[in-house]
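Subject: Structure for your records

Hello,

Here is the structure I said I would pass on. My notes follow below it.

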Amino acid sequence: MADETAKLSIGDSTTDYKVLDGTVGPQVIDIRKLYADTGMFTFDPGFTSTASCESGLTYIDGDEGVLLHRGYPIGQLAEQSNFMEVAYLLLRGELPSAAELTDFTRTISRHTMLHEQLATFYRGFRRDAHPMAIMCGVVGALSAFYHDSTDITDPKQRMIASHRPDRQDADDCGDGV
């Protein structure tokens, strides 16, 4: 974190806001308390000068054409990595070794069975339904089938949910999870 502050003056009132260092990209002014301090909001149509979140997964700079996942350019991942490698990267923070990829692929492959009722759920969509609408519906429905691993504050349950095994297989999720 930078030790700098930014001063905002409105009329006779001045308020200091911390300046934060991003992992990648420019510094940002932390205005989370702006409304509480001033009773005002910012106006930034299109979020052209606003960081909407803090992320350890993704960095986007649309003006420069930069999209990074865990520090890797998306083009490099698309050209040189397969789906399972990128899934491992997003879950674990680094690309897998050959042995890690083999183990991860085996673990995921063992837990790919879907409940038959989920197939019935798919049939409920029109054949010309938009894929994003289908994805939103199905992802939401998954919690009805795998409701025993939905506590996102529990790292073990997050790993179980990412592999989607049945609860009886929870101790066989690859890395002792």
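The largest pocket holds about 1700 Å³ of space; the model it was found in is a predicted one. Its lining counts 36 residues, and those nearest the centre are Val28, Thr50, Ala51, Ser52 and Cys53. Two or more lining residues come from each of β2 (13-20), β3 (28-29) and β4 (58-61). Of the elements, β4 gives the most, with 4 residues. Sorted by class, this lining has 14 nonpolar, 13 polar and 9 charged residues.

The second largest pocket has about 280 Å³ of space. It is lined by 14 residues, with Phe83, Met84, Ala87, Ile108 and Ser162 closest to its centre. Here the elements that supply two or more lining residues are α3 (83-92), α4 (98-110) and α7 (155-163). The most come from α3, which gives 6 residues. By class, 9 residues of the lining of the second largest pocket are nonpolar, 4 are polar and 1 is charged.

As for the protein as a whole, it has 7 helices and 6 strands. Read from the N terminus, the order is β-β-β-α-β-β-β-α-α-α-α-α-α. Of the 177 residues, 23% are buried. Among contacts between residues at least 6 apart in sequence, 22% join residues at least 24 apart.

Regards

Technical notes: Residues numbered from 1 in each chain as written. Predicted model: local features only at pLDDT ≥ 70, side-chain atom pairs only at ≥ 80, totals over all residues. Heavy atoms only, no water. Buried < 20%, exposed > 50% of the residue type's maximum accessible area, 1.4 Å probe, protein only. Contact = heavy atoms within 4.5 Å. 1 Å grid on protein atoms, 1.4 Å probe; cavity = no way out; pocket = protein on both sides within 12 Å on 5 of 7 lines; lining within 4 Å. Points joined across faces, edges and corners; volume = space filled by probe spheres on them. Nonpolar A, V, L, I, M, F, W, Y, C, P; charged D, E, K, R; others polar.
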